[in-house]
Amino acid sequence: GLVPDEPLMRDIAEFGITFLLFLLGLNLQPQELLRMVRKTTVVTRVSSLVFALAGYLITFAFGFSQLEALLVGASLIFSSTIIGLKLLPTTVLHHQRMGEVIISILLLQDLLAIVLMLLVQGAGGGLGRWEMARPLLGLPVLVVLAWLLNRYVLLRLIRRFDKIQEYIFLMAIGWCLGMAELAALLGLSSEIGAFIGGVTLASSPISLFIAESLKPLRDFFLVLFFVSLGIGFDVGTVPQVALPAGLLALVVLVLKPPVFGWLLRRTGESAQRSHEVGFRLGQMSEFSLLIAVLAVERQVIGEQASYLIQLATLLTFLVSSYVVVLRFPTPIAVSDRLRRD
């Protein structure tokens, strides 16, 4: 009860994810991104089926309805963009393939999440055919607009005023938020718009300066994102869903690393890289939380199923973060041997 305006806090917290995706896009050349997305499509498709089936069977066994079990199973598909990429060392992202593999998988998962949220809204009677089709048409339109604006407007402004650091800083924020808003108008998520905005700037020689300048903003708003998660969670519902949520979280933590690892090895990645990527993607996602809230608002599922998804997601956030920080190189490792930034 100390925070009177929870929706405002959540809206502010969304800036953290937006800046995170924008900075990730700045580190990826468009040609390399397309190549990696083609390679990881099979990995994302097969892993999604495995995780969704496991979640469905567990939820249905605990007496939830078939629709609720389907939605809970679908929420297991996604891995956390924030945790997966915030804990990825900058050196790995710049000089190795691991960052490219993780980003391409997460990007495909984000697209699946958008489709699922549209289906939930449609099931709740909130969308017509045009609203359902708009994101599918909006993605290529957004890519083309971003490329044209970057080539004929943005790069010319950068070349003209690149000696004024404050100008570049403000221009980067404007471009990031402008692309995010344009994506929202086209029916896509603001995060995808920010990511595409970052990718279009990746070939600019000033992209690394922009990335370093915006890191403090990213970190500040990401902290608020996790605060907003805590504010919106009703602790009183924990006893009702503790057992199925704990079992779902355990299945995610145990199943995701070996499944991702095996699938990546089948695509030709090294055993060590596949093993590490599996653990870095071994949790549920902030999209799982958004789907849980949206589905209960649209009366597609009951409150108990919604809190089941939320509690399982938060449990995987906690455990997976510690597993990654204690076992693999991260910017916030407690040991000097594993600290990379």
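These exercises, with worked solutions, explore a predicted model.

**Exercise 1. The largest cavity**

Task: Find how many cavities of 30 Å³ or more the structure holds, and describe the lining of the largest cavity.

Solution. 

Step 1. Start with the idea. Rolling a probe the size of a water molecule over the atoms shows where empty space is left.

Step 2. Count. The structure has 2 cavities of 30 Å³ or more.

Step 3. List the lining. Its residues are Glu14, Ile17, Leu21, Thr81, Asp110, Glu191, Glu286, Phe287 and Leu290.

Step 4. Helix H1 (6-26) and helix H13 (286-297) are the elements that give two or more residues to the lining of the largest cavity.

Step 5. Sort by class. The lining of the largest cavity holds 4 nonpolar, 1 polar and 4 charged residues.

**Exercise 2. The second largest cavity**

Task: Which element gives the largest share of the lining of the second largest cavity?

Solution. 

Step 1. Take the volume. The second largest cavity has about 40 Å³.

Step 2. Read the lining. Leu21, Leu24, Thr81, Leu85, Ile103, Leu106, Leu107, Asp110 and Phe195 line the second largest cavity.

Step 3. Assign elements. H1, helix H4 (81-86) and helix H6 (98-123) each give two or more residues to this lining.

Step 4. Pick the main contributor. H6 gives the largest share, with 4 residues.

Step 5. Sort by class. The lining of the second largest cavity divides into 7 nonpolar, 1 polar and 1 charged.

**Exercise 3. The largest pocket**

Task: Which residues are the closest to the centre of the largest pocket, and which helix gives the most to its lining?

Solution. 

Step 1. Take the volume. The largest pocket has about 1,000 Å³.

Step 2. Go to the centre. The pocket is lined by 35 residues, and the closest to its centre are Glu14, Met117, Leu290, Val293 and Leu294.

Step 3. Collect the helices. At least two lining residues each come from H1, H6, H7, helix H9 (190-201), helix H10 (207-231), H13 and helix H14 (303-327).

Step 4. H13 gives the most, with 8 residues.

Step 5. Sort by class. The pocket lining has 18 nonpolar, 8 polar and 9 charged residues.

Step 6. Link back. Glu14 and Leu290 are among the residues closest to the pocket centre.

**Exercise 4. Covered helix, surface patch**

Task: Decide whether helix H3 (residues 66-75) is mostly covered or mostly uncovered, then classify Tyr152 as buried, partly exposed or exposed.

Solution. 

Step 1. Count in H3. Of its 10 residues, 7 are buried, so H3 is mostly covered.

Step 2. Name the buried residues of H3. They are Glu68, Ala69, Leu71, Val72, Gly73, Ala74 and Ser75.

Step 3. Turn to the surface. Val141, Val144, Leu145, Trp147, Leu148, Leu149, Tyr152, Val153 and Leu157 form a nonpolar patch there. Together they have about 720 Å² of accessible area.

Step 4. Locate Tyr152. This residue is found in helix H7 (residues 129-161).

Step 5. Classify Tyr152. Its relative accessible area is 41%, so Tyr152 is partly exposed. The cut-offs for that class are 20% and 50%.

**Exercise 5. Salt bridges**

Solution. 

Step 1. Side chains of opposite charge can pair when their charged atoms come close.

Step 2. Count. The whole structure has 6 salt bridges.

Step 3. Check the distance. The closest N and O atoms of Lys86 and Asp219 are 3.7 Å apart. The cut-off is 4 Å.

Step 4. Lys86 lies in helix H4 and Asp219 in helix H10, so the pair ties together parts 133 residues apart in sequence.

Step 5. Lys86 is partly exposed at 26%. Asp219 is partly exposed at 29%.

Step 6. Widen the view. Lys86, Arg218 and Asp219 are linked in a network of salt bridges.

Step 7. Compare another pair. Glu269 and Arg273 meet in a salt bridge at 2.9 Å, N to O. Glu269 is buried at 7%, whereas Arg273 is partly exposed at 21%.

How values were computed
Residues numbered from 1 in each chain as written. Predicted model: local features only at pLDDT ≥ 70, side-chain atom pairs only at ≥ 80, totals over all residues. Heavy atoms only, no water. 1 Å grid on protein atoms, 1.4 Å probe; cavity = no way out; pocket = protein on both sides within 12 Å on 5 of 7 lines; lining within 4 Å. Points joined across faces, edges and corners; volume = space filled by probe spheres on them. Nonpolar A, V, L, I, M, F, W, Y, C, P; charged D, E, K, R; others polar. Patch = residues over 30% accessible without salt bridge, like charges linked within 9 Å, V, L, I, M, F, W, Y side chains within 5 Å. Areas by Shrake-Rupley, 256 points an atom, 1.4 Å probe, with all protein chains shown as cover. Salt bridge = Lys/Arg side-chain N within 4 Å of Asp/Glu carboxyl O. Buried < 20%, exposed > 50% of the residue type's maximum accessible area, 1.4 Å probe, protein only.
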